[in-house]
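Work through the two exercises below. Each task is followed by its solution.

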Amino acid sequence: MDKEFERIVHLLKEKEEIGQALDIPVQLRKGLLRQVVGYADHFLDTLDERKAYEASGYDSTDTDQGFEVSEIGSEMDAMLDFIGERVDTTGLNPASGGHLGYIPGGGIPASALGDYLAAISNRYAGNFYASPGAVRMENAMIRWTGRLVGYKEGFGGNLTSGGSIANLTAILTARTAKGVKGKDLTQNVVYLTQQAHHSLAKGLNMACMGECVVHRIALDSGYRMDIAALRKQIEADVHDGLKPFLLIANAGSTDTGAVDPLDAMADVAQENGMWFHVDAAYGGFFLLTEHGKQMMRGIERSDSVVLDPHKGLFLPYGSGIVLVRDINHLLRANSYEANYMQDADQQTLERSPAELSPELSKHFRGMRMWLPLKLHGLAPFRANLEEKLLLARYFRHEVHGLGFEVGPEPDLSVVVYRYVPPTGDADAFNKELAHTIQQDGRVFISTTVLGGAFMLRLAVLSFRTHRKDVDVLLEQLGKLTR
Ligand SMILES: Cc1ncc(COP(=O)(O)O)c(C=O)c1O
């Protein structure tokens, strides 16, 4: 053996010994698992004592010290203490049933078990060739969701990291399907309302469609798109030589939970040859309830739709779904050619997520959705969603009884309300009210501005939110306005 080769053999042994630490030996692995599961159990068992919001962790004295990594490893016990102190007791606690702001979700434990399994086997769910089982599982989730929406055979979709990326995917697909070229952008019109989620405006920019004409259509008294105003605007645009391109509906707006008149909007889209997209990131899984089905009649006529399992199915963050009624449009929007993919390309039994998304390597997201649905069955999901619809009505009735002004009867599980004091500035009063409740932290509420007025918002969607949590808020609101 020459010297250089000997050196290589020696180095290989040395590096292997050091690197082996990553494949944790069985006894140590069992110990680490016990520690991590112990921490997680303690977190869950003490949730009732934990605040929904901790106003700590934001000041400049609270530095990033302790977050840095170095050549030398650390003890798990110390790390878990650190996480407990510096991560899990600062800011908003999305696992708390007291989270009544934004659009909460919760993070069902069964999903964490799915994530654990997915990460341990690290199945590559991007391509049927690489993991037929993982892809079948993901496609089964897409098929179940598509049927829930009411799509007929021929649809396709993708499990994304969330609603924003799902909306972006839908916009890019719409652009490809309608053949919108860069030179035509200023002629193409997008219609939505002020209630559309900001991820749609972001998505239009990211799809290089910022130069399109964007019309924000007026709202009716329920914060839904006014169909007469939409028709009038389209008529004016066509008269001006513009091309109606994309109509975007809310199926559960973030601010007020409003569901646009989907069926009537589908008519308008069809009559004008537009792509009809429904953002049901928040509201979509209410389709599991009778009320939701009634509210979202017409959603099955959309060209694309977005639903977020990390909202309406209570999964931990990191799960959105985009569905496209005709899978061919999604395929075309993501088409590619690469020599090194030739083995994969021969497998066509099932469509592969990598063909339907910009992602190639990706998290095996199907497992975190499939495992809880299969383990629990649909009944507890449906019951949770029905309970949230009822809680919103319960709250609206009760807060009105306390003398608050309330918004319209909720379409889903968001209620807007505010207190108008006999004297003084109502906006300032409600701002202070929200601040006081947030600082107390037992429950967390958010705020918005509607028609120029500062409003308080109740958004119920955590599987851990029950009547007792809403009663804590009602009691606080009662005390603060007495
Ligand atoms: C209606 C609606 N659309 C889109 C989104 C964006 O989803 P994500 O936060 O999963 O990116 C949200 C988020 O709250 C939403 O409420």
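**Exercise 1.** How much space lies in the largest pocket?

*Solution.* This is a predicted model: local features need pLDDT of at least 70, side-chain atom pairs count only at pLDDT 80 or more, and totals for chains, interfaces and linings use all residues. Residues are numbered from 1 along each chain as its sequence is written, and side-chain values use heavy atoms, without hydrogens and water.

Step 1. The largest pocket holds about 1300 Å³ of space. A pocket is an open set of points on a 1 Å grid where a 1.4 Å probe fits, with protein on both sides within 12 Å along at least five of seven lines.

Step 2. List the lining (residues with an atom within 4 Å of a point). It has 43 residues; Val-36, Ala-40, Pro-109, Ala-112 and Leu-113 are the closest to the pocket centre.

Step 3. Assign elements (DSSP runs: helices at least four residues, strands at least two). H2 (26-45) is one of the elements that supply at least two lining residues. H2 gives the largest share, ten residues.

Step 4. Sort the lining: 26 nonpolar, seven polar and ten charged.

**Exercise 2.** Which residues are the closest to the ligand?

*Solution.* Step 1. Of the 14 residues that surround the ligand, the closest are Gly-163, Ser-164, Thr-254, Asp-279 and His-310. Here a residue needs a heavy atom within 4 Å.

Step 2. Read the distances. A backbone N or O atom of Gly-163 lies 2.7 Å from a ligand oxygen atom. A polar side-chain atom of Thr-254 lies 2.8 Å from a ligand oxygen atom. For Asp-279, a polar side-chain atom lies 2.7 Å from a ligand nitrogen atom.

Step 3. Find the main supplier. Helix H6 (163-177) gives the largest share of the shell, three residues.

Terms used:
Points joined across faces, edges and corners; volume = space filled by probe spheres on them. Nonpolar A, V, L, I, M, F, W, Y, C, P; charged D, E, K, R; others polar. Polar contact = N/O pair within 3.5 Å; in protein donor to acceptor, adjacent residues only side chain to side chain.
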